[in-house]
Amino acid sequence: MSLVLLIEQVLNGLQSGVMLFLMAAGLTLVFGVMGLINLAHGSLYMVGAFAAAATAAATGSFLLALIASLAAAAAAGAVIELAVIRRLYNRDHLDQVLATFALILIFSEGTRWLFGSFPLFLDVPSYLSGAVTLPFGIQYPLYRLTIIGVGLAVAVALFLLVSRTRLGIRIRAGESDREMIAALGVDISRLYTVVFALGAALAGLAGAMVGAIQSVQVGMGEPVLILAFVVIVIGGIGSIKGALVGSLLVGLTDTLGGFLLPQAFGLFMDASSATSIGSALASMLIYILMAGVLIFRPSGLFGRA
Amino acid sequence: MTDLVLETKGISKSFGALKASNNISLDLRVGEIHALIGPNGAGKSTLIKQIAGGLTPDSGSVHFLGEDVTTLDRVARARKGLGRTFQISSLAMDFTVLQNVVLGAQGAKGSPWHFFRNAMKDKRLLDIAWNALERVGLQDQAKVRTADLSHGQRRQLEVAVALTLSPKAFLMDEPMAGMGAAGSAQLTTFLENLRTEAPILLVEHDMDAVFALADRISVLVYGEIIASGTADEIRRDPQVQKAYLGEESL
Amino acid sequence: MSRETSLNSVIGLGLLLVPLWAYWADEPFIITLSTKVAILALAGVGLNIALGLGGLVSFGHAAFFGIGGYAMGILAAHAQTYVPLMEWPFLIDGTKSMPIIWLVAMVVSALVAVLIGALSLRTSGVYFIMITLAFAQMLYYFAISWPAYGGEDGLSIYLRNSFPGLNTLVPIQFFGICYALLMIVIAFSARLARSPFGLALAAARQNEERVETVGMRPYNLRLAAFVISAAITGLAGALYADLNRFVSPTMFSWHMSGEIMVFIILGGVARLYGPVAGAALYIMLEHFLGPISEYWQIYLGALLLLVVLFARGGLIGTLAGREVAHD
Amino acid sequence: MFLKNLGMAVSALALIAGGVTSAAADNGNVKVGMITTLSGGGAGLGIDVRDGFMLAVNQAGNEMLEVVIEDDQRKPEVAVQLADKMIQSEKVDILTGIIWSNLAMAVVPATTAQGKFYLSPNAGPSPLAGKGCHPNYFNVAWQNDNLHEAAGAYANDAGFGKTFMLAPNYPAGKDALTGYKRLYKGDAAGEVYTKLGQTDYAAEIAQIRASGADSVYFFLPGGMGISFLKQYAGSGVDIPVIGPAFSFDQGILQAVGAAALGVKNTSQWNKDIDNEANAAFVASFQEAYGRLPSLYASQGFDTANLILSAMDKADVKDADAFRAALNEADFDSVRGDFSFGNNQHPIQNIYVREVIKEGDVYTNKIIATGLENHADAYAADCKL
């Protein structure tokens, strides 16, 4: 195994990590501020991807497609917040899980009803396609580098938003004391809608960006949703910093595990069974990581006890 | 000192720079009511948690019935006979009053590891439960849902549950809080007699009750016991007057 | 008799009478559907002990459902091929006998639940929901990539397992077995709720501190509830596998966990017959909506949403009114 | 889309209703139960099979044939329950429609054991072709390994000697690579099993780049293949790719786009196979549904025509005669003529296709015949 290959895999882990962060950030914000578990977050990811694919097909512009994904996911988020989610804030987690599970069914089958059962086409724009050569002669797809860049930029923007702006102050206040911020005269229900739509928009953006290199299809949000939950649970629910660390941890574990484990097993067994056992273990690895973290830190790495 | 039931030996607990408990030594003897008073923020809750279990002191030790219980959790201390009531009622709100006391009786006399017997038809448990309810005067409310009780009644129920355990010592955190004058007076009379069953460490804000009931009073200020003695001694203590009584007239 | 008790009798009798009618009318598929309701309800009754009584929102009960299924699949597959399960240190043969399979399914589920529960119960709230999900996902991926018993393809058992004195291939007889087990477990769960254990568990759900101050450990109570709950769900898994004569990793999927939860919510959380009502409603919806529209899950989703938002207490809660404290 | 589906549903219903009124009137009626995937992920395949099948049924206008269609949601246990329902309540004579091998394994043995016919329009798991073959089980499409074997043979022809192989970590994935290696004579540059349902292949592509392979063979059905190809195209790796038809079929090719251009893939059917039946099929399918038919649609179409051809010769109630009639495969298959082997799986040509662009539409054209009159490797184990 060469160093170049290892570096490339680390980049891959990083890239999958920052995309997970876009999903996890919204999920953790919504939980931190409103105390809500939103299983339908993956549906917003799907909405973003479908909106982008439809827009790209109609206009041919990838940039417009990204904007459309942000807008569509934010709008979908705002609509479900107003219609359904806000009735769930004072409910227990069980009701939230069930209601948002119901939303997944509605979103998935509704999307299939609108767009049909076949995957949609969304491609990397020509100016971002192909590979670039990095130091040490590493060939790496330009688009994936762009994803890493966009993801990190969003992360920085999000930290600034939360720490520097008025909206951010309200979000932080909302996390620590709901009555308090209502007493300050902030329109709390509007704040909630805004936070929810913001989280939705991030998920939509992730869906669109990933949709260009994966397949835009019904149900695409569910595996990502589960991963995003793993991320925020590892990072500590409600913590954006935790979401970032958790995302990178999960991204790297998943990528490097899938790559290194079969090779590690190959050291002491024949190649074919090493591949198959190694791959099997690799697919369980992030769940093992999550269970491990929770056993030692029951509230995640950055969670409030 | 065979009559020593509960004792803390120089326990200290800090949260960062804040010394919540500073070398506190307290004891509780057979047949007495020992009241612990102190202004808000004096560190009473921290001290109670270290005595009842749930918070381990940084240094010092806690002894109950002659045994070092410093490292035991509150379940283990409860099993040894430390009966506790809470400042904010801590009851199973969806249960009936009777269910709450039966639960207590179960903790004392039975074990929860019976899967087939009907708990609410177990004569042994019911006897203990009804007896406790009658003693605090809640027998007529037995079938009422706990959430529907008045505030004062919940305090009574807290005491009743503690009674079911037939504890060797009581640790009562503001049992009078939120009670009307009549209720307070009734409970005062009740505790007066209870001390012969088991001594009471009483944390209370109601000064009338404290001075009427307590055999001894300890004053906690900024994590330290600044005075300890009979009601009269405390009344006369200049340090107490300075640090504490200034803000509350006697 | 309270309204809920009468409603329970109606539901219980209904689940018995429908297949009997179907038997008379020669509609074997209705019997199969009723059997499915009974089995899924059994899984729900199991989860309800943890979720309703103990307040433990386990989003990973598919793990036990799947273990039960694979217990049946593996034992029966070995019996089918006459290959012993293991030869060392002692010989274990496969079996086609339902009672043995049930016992194995329950014991293995319980053992795994001790492990999962002991670790998961260190957390609470959302973390508990997610860690139980994580454990189920682990088993799911394990089942997919473990080649010995079919992996993703699953395992087919060509003939249903046997029960002494009955012909399990006759739908109505197999229904009888499942219905009897369901009733036994419901009776057990009713007794459990009123027992000292049930009282302490319910108290721990409402107020952990209270239980501790009377000298009981909530952790132990919850772990026991989790294990009992898992064993029952495992039994349901074994029956479900026998109904289908087939097991596959989908029994471990998080959708399965969600579905078992859905039965409880549809019927009513912590209601004795809640899972029965919920499973029956769910299966009827699937059966009647499925042929009407390819997109029947939209309607299912909408209905579920309405129940959660507006009909709290589920079907039984809506029909029987607020839960009365039982004594 | 919706209107079209609705139209389909209505016509299917009308057909069923028509069937009911004439049912039981006389012998020779055949009731077919179709269990296929119509919702959730992978619904596209089931819809194609259904549409192809119903097109043939509608064209034949045979009132003695009745079809009931149900959605298995791609869940094995649902499929099993539907099979119970079809056999117990609907009293069907023939079952068909299943797309996935694991669902077929769950349904087929019990179905054939109950004396019903099962005609597979897609899945061909190896146990059913070998030791587990059954007189009532016919596979109209292929044994699972067939297309992979053809790809291995093609790799030899194309002069590849170092292939990097990739498949999901589940039984069909392992069968795929086994199938490829059966005829492939070169070396393996690497053999990687990915997680089922994996969507990101950056790690595997990096391994491919580092492996020094001269060709890549992959079996990643559905969305997995789309993701892989798009990412592969963007990675700058230009090692030629070979795959089975599943990742290059009409249904998903549009979603892959230019990334698939030039890729060689193997299939027993393509829309440019030159025979009358095929030309008519492609034209009428396009007219009826407004899209190009896929491999799956062709298999559904052939399955229906096989049933219709047997109905002309025998009564389904006489199982032996009907079986013999099926075995003749006496109909104009859109793939050209084929015959059934002793295990009742097709012996047929498998072609190598290349992905091209026709106007705005991505599609395939045949560039070579990979294997001629190819039977499967398991037939010898079958005691029929």
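Select strand β9 of chain D, residues 241–244, where both faces are covered. D:V241 and D:G243 lie on one side, D:I242 and D:P244 on the other, and all of them are buried. A residue is buried if 20 or more other C-beta atoms lie within 10 Å of its own, exposed if 12 or fewer, and partly exposed in between, with C-beta atoms placed from the backbone. In a regular strand the side chains alternate between the two faces of the sheet. Strands (E, at least two residues) and helices (H or I, at least four) are DSSP runs, numbered from the N terminus.

The model is predicted: local features need pLDDT of at least 70, side-chain atom pairs count only at pLDDT 80 or more, and totals for chains, interfaces and linings use all residues. Residues are numbered from 1 along each chain as its sequence is written, while chains are lettered from A and ligands numbered from 1 in the order in which they are written.

Strand β8 of chain D (residues 215–218) pairs with β9(D) in the parallel sense over 2 bridges; two strands pair if DSSP finds at least two bridges between them. Within this pairing, D:Y217 has D:I242 as its bridge partner. Include helix α9 of chain D (residues 223–234), which makes a right-handed β-α-β unit with β8(D) and β9(D). Right-handed is meant as follows: with the strands pointing away from the viewer, the path from the first strand over the helix to the second runs clockwise.

Now select strand β10 of chain D, residues 264–267, which runs parallel to β9(D) and is joined to β9(D) by 3 bridges. Here D:P244 stands opposite D:T266. From β9(D) the chain passes through helix α10 of chain D (residues 250–256) to β10(D), in a right-handed β-α-β crossover.

Move to another sheet in chain D. Its 5 strands are in the order β2-β1-β3-β4-β5, and the sheet is open with parallel pairing. At the edges are β2 (65–71) and β5 (137–139) of chain D, each pairing on one side only. Direction ignored, neighbouring strands are turned by 20° against each other on average; the axes are lines fitted to C-alpha atoms, and angles run from 0 to 180 degrees between N-to-C directions. Select β1 of chain D (residues 30–36): 7 bridges link β1 and β2(D) in the parallel sense.

Colour chain D by domain. Domain 1 covers 2–144 + 272–347 and domain 2 covers 146–268 + 350–381, with bounds from an automatic or database domain assignment. Their centres, taken over C-alpha atoms, are 27 Å apart. At the boundary, 24 residues of domain 1 are in contact with 23 residues of domain 2, contact meaning that the C-beta atoms, placed from the backbone, lie within 7 Å. On the domain 1 side, α2 (43–60) and α5 (126–129) of chain D each supply at least two residues.

Finally, show every chain. Of the 4 pairs of chains in contact, A and D share the most contacts. That contact takes 40 residues from chain A and 35 residues from chain D. On the side of chain A, α1(A) gives the most, with 6 residues. Chains A and B have no contact, and their closest C-alpha atoms lie 15 Å apart. Chains B and D also have no contact, with closest C-alpha atoms 35 Å apart.

Technical notes. Two residues are in contact if their C-beta atoms, placed from the backbone, lie within 7 Å.
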